[in-house]
Amino acid sequence: MSAREWLDKDFYAELGVSPDASAEEIKKAYRKLARENHPDANPGNAQAESKFKAVSEAYGVLSDPDKRKQYDEARRLFGSGGFSGGQGGGGFGGFGGSGGFDIGDLFGSGQSGGLGDLFGGLFGNRRGGHAAANRPKRGADVETEVRIDFTESVRGATVPLRLSSPATCRNCGGSGARPGTRPRSCPTCSGAGLVTRNQGAFAFSEPCPDCRGRGKLVDDPCSECRGEGVSTRSRTLTVRIPAGVSDGQRIRLAGQGEPGRNGAAAGDLYVLVHVNPHQVFGRSGDDLTLTVPVTFPELALGTTLTVPTLDGKVSLKVPAGTSSGRTFRVRGKGVGRKNGTSGDLLVTLQVVVPSKLDGKAAEALQAYAEATADHDPRRNLNETLGR
């Protein structure tokens, strides 16, 4: 892609965010669009595939602080229309020669900080152009999602993960050429990957249109990747989910992302974990929570309850006179920590009132009410209110 084409694109609009969007807002928008338009979710849909590539390209620039700064600076200087901006509003038409404007200041005239440095960062430039076009480039990071059960999130689990993502072509080893053949140096750019273009009074370097900035041409392309050196393939990974992972947590797998270029390292794979809720247990940090229904006599007279844990059952002694809503702590029955210790199980007792009582039970309860008529549980409240 040439400098002209890059600056003519609106990466913010591609992701549906404003130019002052935060890094987290940009990431959130990319995740949503990438999921909606991923080739695996839209097999045979060329429009979705094109959109997926476009949002990936936009995220590749806007997620990198340096690239985003360079891109924003170029938009500020030339306007949101890039090189195609009109007179006075942006583009080259807005720079008149009669107003004392120094073109040398714009492009740096060999000094640092000028637009030559800006374009050098984004597209490469004539100074060191060969190195810029062919230097190793780390592969892009990839993100996917996995859903696990609540128990697996507490204890840890090993889950298979099937991915469809770009990877180094196994047939040609990434060269793009049919096995047994080799790419040749591009005669247009002499292997530099960049050519110099003149735009009126200006000259700038951009990726060579014949070799697309690679510096090499493939005369006999690989049948699997069609000369790209990278092909989309399905692969299965075994992912270890650590004990104690929480819903929404991301796990990083180094080197499992997209392959790098020119010998650079591959990107990373980030696995976003979703945890299914449990029917009985809840979670608060490293502690598990549990609500146990009890009867009034059990709290009034005291009892010993058998309560479940994720590892079995434990006995819980409830002293006489315990209030409904009281929480007891069972040590070491919570979520495991990295240091080898575990959180606790927090058991909350909740009185369950029968919806109906038979005659015998009603009579017994009436007798209890008469026997405890002198006890007013609302006495302190009434005294406070002065009643």
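A residue is called buried when its relative accessible area is under 20%, exposed when that area is over 50%, and partly exposed in between, with a 1.4 Å probe and protein chains only. Helices (H or I, at least four residues) and strands (E, at least two) are DSSP runs, numbered from the N terminus.

Good morning. The structure before you is a predicted model, in which local features need pLDDT of at least 70 and side-chain atom pairs count only at pLDDT 80 or more, while totals for chains, interfaces and linings use all residues. Residues are numbered from 1 along each chain as its sequence is written, and side-chain values use heavy atoms, with hydrogens and water left out.

I begin with confidence. The predictor's confidence in each residue is its pLDDT, on a scale from 0 to 100. The protein has a mean pLDDT of 79, and 80% of its residues reach 70 or more. Over residues 81-131, however, the pLDDT is below 50. That stretch still has 89 contacts in the model beyond near neighbours in sequence, a contact being heavy atoms within 4.5 Å. Where pLDDT is low, the predicted coordinates should not be read in detail.

Let us turn to strand β14, residues 327-330. β14 runs antiparallel to strand β15, residues 345-351, and four bridges join the two. Within β15, L346 is the bridge partner of R329.

A hairpin is formed by β12 and β13, with two residues between them. Strand β12 (residues 303-309) and strand β13 (residues 312-318) run antiparallel and are joined by seven bridges. In this pair, V314 of β13 stands opposite V307.

Next comes an open sheet of three strands, in the order β1-β9-β8 and with mixed pairing. β1 (142-148) and β8 (250-253) stand at the edges, and each has a single partner strand, so one side of each is left without a neighbour in the sheet. Between β8 and strand β9 (residues 269-275) the pairing is antiparallel, over four bridges. There, I251 has V271 in β9 as its bridge partner.

Finally, I consider R68, which lies in helix α5, residues 65-78. Is R68 buried or exposed? R68 counts as buried because its relative accessibility is 15%. Leaving aside neighbours within four places in sequence, R68 has contacts that include Y12, D20, I26 and L62.

How values were computed: Two strands pair if DSSP finds at least two bridges between them.
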